[in-house]
Amino acid sequence: MFVLALMFYTQRLMLISGKSRIQGTGLYTDSAISVRVKIGDYVGERISIREARRRAKRRRTIAIIELDDNYAIDGAVRGGPLRFVNHSCDPNVFVRIAYGRAEFYARRVILAGDELTCDYGDSQHEGKLPCRCGAEKCRKFI
Ligand SMILES: [Zn+2]
C-alpha cells in the first residue's frame with residue numbers, strides 16, 4: 001500500500017489506495033467528506049477517442065474517461081489517485097465533465113475509511129463485465 005496526499009481548497013483530504021473489496025486496488029478516504037464537496041480532477045494523458053478505444057481493447061483495467069466526442073483522459077499514464085476509484089451501481093462519488101475536465105464530487109456524505117466509488121455508466125466494457133459492487137440495486141454487469 002502506498003499513500004497519496006492531496007491538498008484542496010478548504011479541507012485537507014488524504015486519499016489512500018489499497019486492496020478493494022470490489023475489484024483490485026481501490027481508493028479510500030482517511031477523513032469524512034461532505035456532500036457535493038469536490039474531491040479532485042481526474043488526471044492522466046489526454047488522448048483522442050480513437051486512441052482511447054484502441055487502448056481499451058487491449059487492457060483488463062481500463063482507467064480511461066471520455067470527455068466528449070473528441071477527447072479522453074487515460075489515468076493509466078501519468079495518472080493520479082482517482083484512477084483507483086472503482087465502479088459501484090450505488091456510488092458515493094459522481095463525475096462532472098465540463099470544460100475539458102472530469103471533476104469528482106461527493107454524491108453523499110462519505111465517512112472516513114469508506115471506499116470511493118463512481119458509476120462508470122456506459123463503460124468501455126460494453127456491459128460484458130460482471131459487477132461485484134455488492135449494492136442492493138446492482139445492475140450485475142458493467
Ligand atoms: Zn453493481
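Which residues form a nonpolar patch on the surface? Val35, Val109 and Leu111 do, with about 250 Å² of accessible area together. This is a predicted model, in which local features need pLDDT of at least 70, side-chain atom pairs count only at pLDDT 80 or more, and totals for chains, interfaces and linings use all residues. Residues are numbered from 1 along each chain as its sequence is written, and side-chain values use heavy atoms, with hydrogens and water left out.

**Surface patch**
- Patch members have over 30% relative accessible area and no salt bridge, with like charges joined within 9 Å and nonpolar side chains (Val, Leu, Ile, Met, Phe, Trp, Tyr) within 5 Å.
- A salt bridge is a side-chain nitrogen of Lys or Arg within 4 Å of a carboxyl oxygen of Asp or Glu.
- Areas come from the Shrake-Rupley method with a 1.4 Å probe, and for residues only the protein chains shown count as cover.
- The loop between strand S3 (25-29) and strand S4 (38-41) holds valine 35; strands are DSSP runs (E, at least two residues), numbered from the N terminus.
- Valine 35 counts as partly exposed because its relative accessibility is 34% (buried is under 20%, exposed over 50%, partly exposed in between; 1.4 Å probe, protein chains only).

**Zinc site**
- Cys89 (SG), Cys131 (SG), Cys133 (SG) and Cys138 (SG) coordinate the zinc ion at 2.3 to 2.4 Å; donors are N, O and S atoms within 2.8 Å of the metal (3.2 Å for Na, K and Ca), and sites may look incomplete, as water is not among the atoms.
- The 4 donor atoms subtend angles of 106 to 113°, so the arrangement is tetrahedral (four donors, all angles between 85 and 135 degrees).
- Along the chain, the donors follow the spacing C-x41-C-x1-C-x4-C.

**Cysteines**
- Cysteine 131 counts as buried because its relative accessibility is 12%; cysteine 133 and cysteine 138 are also buried.
- Cysteine 118 is buried, with a relative accessible area of 6%.

Conventions:
Helix = DSSP H or I, 4+ residues; strand = E, 2+ residues; numbered from the N terminus. Tetrahedral: all angles 85-135°; square planar, octahedral: opposite > 155°, others 65-115°.
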